[in-house]
Amino acid sequence: MSFENLSMTDVAVGLALAMVGLALFLTFVRLVWGPTLPDRVVALDLMGVLAVGMIAAYAVAMDQPVLLDPATVLALVGFLGTVAFARYLERRGRDE
Amino acid sequence: MSERVSAALLIVGASFMLLASLGMLRLPDLFMRLQAATKASTLGVACLLLGAAFHFQDLAVTTRAVLVIAFFVLTAPVGAHMIARAAYAVGVPLWEGTITDELYERRRAAKQPAPDGPAEGPVPPPEAGDTPGHGRRCRC
(Lines give C-alpha, C1' and ligand atoms only; values in the text may rest on other atoms or scores of the structure.)
Protein backbone atom coordinates (compact mmCIF):
# COMPACT_ATOMS: atom_id res chain seq x y z
CA MET A 1 0.00 0.00 0.00
CA SER A 2 1.39 3.35 -1.03
CA PHE A 3 0.59 6.66 0.57
CA GLU A 4 1.51 8.96 -2.34
CA ASN A 5 -1.86 9.11 -4.05
CA LEU A 6 -4.00 9.75 -0.99
CA SER A 7 -6.25 12.77 -1.40
CA MET A 8 -6.94 15.29 1.32
CA THR A 9 -10.40 13.81 1.84
CA ASP A 10 -8.93 10.35 2.41
CA VAL A 11 -6.57 11.62 5.10
CA ALA A 12 -9.29 13.67 6.81
CA VAL A 13 -11.76 10.79 6.76
CA GLY A 14 -9.19 8.38 8.14
CA LEU A 15 -8.35 10.75 10.95
CA ALA A 16 -12.01 11.42 11.68
CA LEU A 17 -12.84 7.71 11.79
CA ALA A 18 -9.92 7.04 14.13
CA MET A 19 -10.94 9.87 16.46
CA VAL A 20 -14.59 8.85 16.58
CA GLY A 21 -13.51 5.26 17.18
CA LEU A 22 -11.38 6.36 20.12
CA ALA A 23 -14.33 8.42 21.39
CA LEU A 24 -16.55 5.34 21.18
CA PHE A 25 -14.02 3.38 23.21
CA LEU A 26 -13.79 6.06 25.93
CA THR A 27 -17.57 6.25 26.16
CA PHE A 28 -17.74 2.49 26.39
CA VAL A 29 -15.39 2.63 29.37
CA ARG A 30 -17.88 4.94 31.11
CA LEU A 31 -20.72 2.60 30.10
CA VAL A 32 -19.01 -0.34 31.79
CA TRP A 33 -17.76 1.70 34.76
CA GLY A 34 -21.09 3.20 35.74
CA PRO A 35 -21.30 3.62 38.69
CA THR A 36 -25.09 4.24 38.64
CA LEU A 37 -27.75 3.31 36.11
CA PRO A 38 -28.34 6.92 34.90
CA ASP A 39 -24.61 7.15 34.13
CA ARG A 40 -24.95 4.18 31.84
CA VAL A 41 -28.03 5.66 30.18
CA VAL A 42 -26.11 8.87 29.39
CA ALA A 43 -23.17 6.88 28.06
CA LEU A 44 -25.46 4.82 25.83
CA ASP A 45 -27.10 8.00 24.53
CA LEU A 46 -23.70 9.46 23.67
CA MET A 47 -22.70 6.22 21.95
CA GLY A 48 -25.76 6.52 19.69
CA VAL A 49 -24.77 10.04 18.67
CA LEU A 50 -21.18 8.91 18.10
CA ALA A 51 -22.44 6.08 15.90
CA VAL A 52 -24.40 8.58 13.77
CA GLY A 53 -21.24 10.65 13.32
CA MET A 54 -19.20 7.57 12.48
CA ILE A 55 -21.73 6.51 9.85
CA ALA A 56 -21.54 9.99 8.29
CA ALA A 57 -17.73 9.77 8.13
CA TYR A 58 -17.95 6.24 6.75
CA ALA A 59 -20.37 7.38 4.02
CA VAL A 60 -17.73 9.91 2.93
CA ALA A 61 -15.00 7.25 3.10
CA MET A 62 -16.93 4.78 0.96
CA ASP A 63 -18.37 7.53 -1.29
CA GLN A 64 -21.85 6.08 -0.76
CA PRO A 65 -24.52 8.68 0.09
CA VAL A 66 -27.02 5.86 0.73
CA LEU A 67 -25.28 5.22 4.04
CA LEU A 68 -26.72 8.44 5.45
CA ASP A 69 -30.19 6.86 5.66
CA PRO A 70 -29.20 4.50 8.49
CA ALA A 71 -27.77 7.53 10.28
CA THR A 72 -31.20 9.20 10.14
CA VAL A 73 -32.92 6.11 11.48
CA LEU A 74 -30.33 5.67 14.22
CA ALA A 75 -30.84 9.28 15.35
CA LEU A 76 -34.61 8.73 15.64
CA VAL A 77 -34.32 5.40 17.46
CA GLY A 78 -31.64 6.76 19.78
CA PHE A 79 -33.87 9.58 20.96
CA LEU A 80 -36.75 7.17 21.55
CA GLY A 81 -34.47 4.91 23.56
CA THR A 82 -33.25 7.79 25.72
CA VAL A 83 -36.78 8.96 26.48
CA ALA A 84 -37.90 5.44 27.30
CA PHE A 85 -34.94 4.92 29.65
CA ALA A 86 -35.57 8.24 31.41
CA ARG A 87 -39.24 7.46 31.99
CA TYR A 88 -38.37 3.99 33.21
CA LEU A 89 -35.84 5.40 35.68
CA GLU A 90 -38.27 7.95 37.04
CA ARG A 91 -41.11 5.48 37.44
CA ARG A 92 -38.92 2.89 39.09
CA GLY A 93 -37.62 5.49 41.55
CA ARG A 94 -41.17 6.49 42.47
CA ASP A 95 -42.53 2.97 42.92
CA GLU A 96 -39.90 1.81 45.36
CA MET B 1 -12.22 24.32 -2.36
CA SER B 2 -15.18 22.25 -1.25
CA GLU B 3 -12.76 19.39 -0.64
CA ARG B 4 -10.90 21.50 1.90
CA VAL B 5 -14.09 22.66 3.57
CA SER B 6 -15.31 19.06 3.81
CA ALA B 7 -12.00 17.83 5.23
CA ALA B 8 -11.88 20.65 7.79
CA LEU B 9 -15.47 20.03 8.88
CA LEU B 10 -14.80 16.31 9.27
CA ILE B 11 -11.73 16.91 11.43
CA VAL B 12 -13.45 19.57 13.56
CA GLY B 13 -16.51 17.38 14.07
CA ALA B 14 -14.45 14.36 15.06
CA SER B 15 -12.47 16.54 17.50
CA PHE B 16 -15.67 17.68 19.17
CA MET B 17 -16.86 14.08 19.48
CA LEU B 18 -13.54 13.14 21.05
CA LEU B 19 -13.91 16.06 23.47
CA ALA B 20 -17.42 14.91 24.35
CA SER B 21 -16.22 11.41 25.16
CA LEU B 22 -13.29 12.79 27.18
CA GLY B 23 -15.74 14.83 29.23
CA MET B 24 -17.88 11.73 29.59
CA LEU B 25 -14.91 9.89 31.05
CA ARG B 26 -13.31 12.60 33.18
CA LEU B 27 -16.03 14.86 34.62
CA PRO B 28 -16.90 14.10 38.24
CA ASP B 29 -20.69 13.75 38.37
CA LEU B 30 -23.60 12.78 36.19
CA PHE B 31 -24.96 16.25 35.53
CA MET B 32 -21.64 17.64 34.29
CA ARG B 33 -21.15 14.57 32.14
CA LEU B 34 -24.62 15.07 30.72
CA GLN B 35 -23.70 18.60 29.70
CA ALA B 36 -20.52 17.45 27.94
CA ALA B 37 -22.33 14.62 26.22
CA THR B 38 -25.20 16.77 24.98
CA LYS B 39 -23.57 19.98 23.78
CA ALA B 40 -20.24 18.81 22.41
CA SER B 41 -21.67 15.76 20.69
CA THR B 42 -24.46 17.78 19.03
CA LEU B 43 -21.88 20.20 17.61
CA GLY B 44 -19.65 17.30 16.56
CA VAL B 45 -22.33 15.36 14.73
CA ALA B 46 -23.54 18.56 13.05
CA CYS B 47 -20.01 19.25 11.76
CA LEU B 48 -19.59 15.67 10.52
CA LEU B 49 -22.92 15.70 8.67
CA LEU B 50 -22.15 19.10 7.12
CA GLY B 51 -18.79 17.68 6.04
CA ALA B 52 -20.58 14.80 4.34
CA ALA B 53 -22.98 17.25 2.66
CA PHE B 54 -20.04 19.31 1.36
CA HIS B 55 -18.36 16.16 0.10
CA PHE B 56 -21.32 14.86 -1.90
CA GLN B 57 -22.61 18.24 -3.18
CA ASP B 58 -26.03 16.77 -3.78
CA LEU B 59 -29.42 18.23 -2.93
CA ALA B 60 -30.85 14.98 -1.50
CA VAL B 61 -27.82 14.40 0.72
CA THR B 62 -27.78 18.00 1.93
CA THR B 63 -31.47 17.83 2.76
CA ARG B 64 -30.98 14.67 4.79
CA ALA B 65 -27.98 16.10 6.61
CA VAL B 66 -29.82 19.30 7.52
CA LEU B 67 -32.82 17.24 8.62
CA VAL B 68 -30.72 15.10 10.95
CA ILE B 69 -28.95 18.18 12.35
CA ALA B 70 -32.27 19.90 13.02
CA PHE B 71 -33.54 16.75 14.69
CA PHE B 72 -30.50 16.58 16.97
CA VAL B 73 -30.72 20.24 17.88
CA LEU B 74 -34.37 19.75 18.81
CA THR B 75 -34.13 16.45 20.68
CA ALA B 76 -30.76 16.51 22.47
CA PRO B 77 -31.81 19.11 25.09
CA VAL B 78 -35.13 17.34 25.63
CA GLY B 79 -33.49 13.99 26.20
CA ALA B 80 -30.83 15.48 28.47
CA HIS B 81 -33.47 17.27 30.52
CA MET B 82 -35.49 14.08 30.95
CA ILE B 83 -32.46 12.09 32.07
CA ALA B 84 -31.33 14.81 34.46
CA ARG B 85 -34.78 15.09 36.05
CA ALA B 86 -35.10 11.34 36.43
CA ALA B 87 -31.58 11.11 37.89
CA TYR B 88 -32.27 13.89 40.40
CA ALA B 89 -35.54 12.25 41.43
CA VAL B 90 -33.84 8.90 41.86
CA GLY B 91 -31.15 10.50 44.02
CA VAL B 92 -27.94 10.45 42.03
CA PRO B 93 -25.38 12.30 44.19
CA LEU B 94 -23.88 15.58 43.07
CA TRP B 95 -20.14 16.22 43.06
CA GLU B 96 -18.88 17.00 46.58
CA GLY B 97 -17.53 20.36 45.36
CA THR B 98 -20.97 21.54 44.29
CA ILE B 99 -21.76 24.84 46.05
CA THR B 100 -25.45 25.25 45.24
CA ASP B 101 -28.49 23.04 44.79
CA GLU B 102 -31.37 25.35 43.98
CA LEU B 103 -33.84 22.58 43.30
CA TYR B 104 -33.30 21.20 46.82
CA GLU B 105 -33.81 24.62 48.40
CA ARG B 106 -36.94 25.21 46.38
CA ARG B 107 -38.39 21.84 47.36
CA ARG B 108 -37.60 22.45 51.03
CA ALA B 109 -39.26 25.86 50.90
CA ALA B 110 -42.35 24.31 49.35
CA LYS B 111 -42.56 21.78 52.19
CA GLN B 112 -42.42 24.33 55.04
CA PRO B 113 -45.47 24.02 57.33
CA ALA B 114 -48.00 26.85 57.52
CA PRO B 115 -46.84 29.69 59.88
CA ASP B 116 -50.01 29.57 62.09
CA GLY B 117 -49.20 26.39 63.95
CA PRO B 118 -47.29 23.16 63.70
CA ALA B 119 -48.11 20.72 60.98
CA GLU B 120 -50.52 17.98 61.96
CA GLY B 121 -50.37 14.33 61.23
CA PRO B 122 -47.34 12.11 60.88
CA VAL B 123 -44.16 13.45 59.42
CA PRO B 124 -43.89 12.18 55.85
CA PRO B 125 -40.99 9.82 55.23
CA PRO B 126 -37.99 11.41 53.56
CA GLU B 127 -37.82 11.14 49.80
CA ALA B 128 -34.74 10.79 47.68
CA GLY B 129 -34.71 14.48 46.81
CA ASP B 130 -34.93 15.56 50.47
CA THR B 131 -31.25 15.44 51.29
CA PRO B 132 -29.11 18.08 49.65
CA GLY B 133 -26.77 17.49 46.77
CA HIS B 134 -23.76 15.44 47.61
CA GLY B 135 -25.10 13.79 50.77
CA ARG B 136 -27.51 11.64 48.85
CA ARG B 137 -27.46 7.97 48.17
CA CYS B 138 -28.68 6.66 44.86
CA ARG B 139 -31.69 4.37 44.96
CA CYS B 140 -30.79 2.61 41.78
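Helices here are DSSP runs of at least four residues, numbered from the N terminus. With that in hand, here's a quick tour of this structure, which is a predicted model.

**Where the two chains meet**
- On the chain A side, 44 residues are in contact with 50 residues of chain B.
- H1, H2 and H3 (68-95) of chain A each put at least two residues into the side that touches chain B.
- H2(A) is the top contributor to that side, giving 16 residues.
- Sorted by class, the side of chain A that touches chain B has 32 nonpolar, seven polar and five charged residues.

**Inside chain A: H1 and H2**
- Packed helices get described by the angle between their axes and the distance between those axes.
- For H1 (residues 8-33) and H2 (residues 37-62) of chain A, the angle is about 165° and the axes are 9 Å apart.
- Angles over 145 degrees count as roughly antiparallel, so that's the label for H1(A) and H2(A).
- The crossing of H1(A) past H2(A) is left-handed.
- Their contact is made up of 18 nonpolar, three polar and three charged residues.

- From H2(A) come A:Pro38, A:Val41, A:Val42 and A:Asp45, and they meet B:Gly79, B:Ile83, B:Ala86, B:Ala87 and B:Val90 in H3(B).
- By class, this contact has seven nonpolar, one polar and one charged residues.

- You'll find A:Asp63 in the loop between H2 and H3 of chain A.
- A:Asp63 counts as exposed because it has 11 C-beta neighbours inside 10 Å, and the cut-off for exposed is 12 or fewer.
- B:Gln57 sits in the loop between H2 (30-56) and H3 of chain B.
- With 10 C-beta neighbours inside 10 Å, B:Gln57 counts as exposed as well.

Terms used. Residues are numbered from 1 along each chain as its sequence is written. Chains are lettered from A and ligands numbered from 1 in the order in which they are written. This is a predicted model: local features need pLDDT of at least 70, side-chain atom pairs count only at pLDDT 80 or more; totals for chains, interfaces and linings use all residues. Axes are lines fitted to C-alpha atoms, for helices over the stretch in contact, and angles run from 0 to 180 degrees between N-to-C directions. Angles under 35 degrees count as roughly parallel, over 145 as roughly antiparallel, 65 to 115 as roughly perpendicular and the rest as oblique. A crossing is left-handed if the near helix is turned anticlockwise from the far one by less than a right angle, and right-handed if clockwise. Ala, Val, Leu, Ile, Met, Phe, Trp, Tyr, Cys and Pro count as nonpolar, Asp, Glu, Lys and Arg as charged, and the others, Gly among them, as polar. Two residues are in contact if their C-beta atoms, placed from the backbone, lie within 7 Å. A residue is buried if 20 or more other C-beta atoms lie within 10 Å of its own, exposed if 12 or fewer, and partly exposed in between; C-beta atoms are placed from the backbone.
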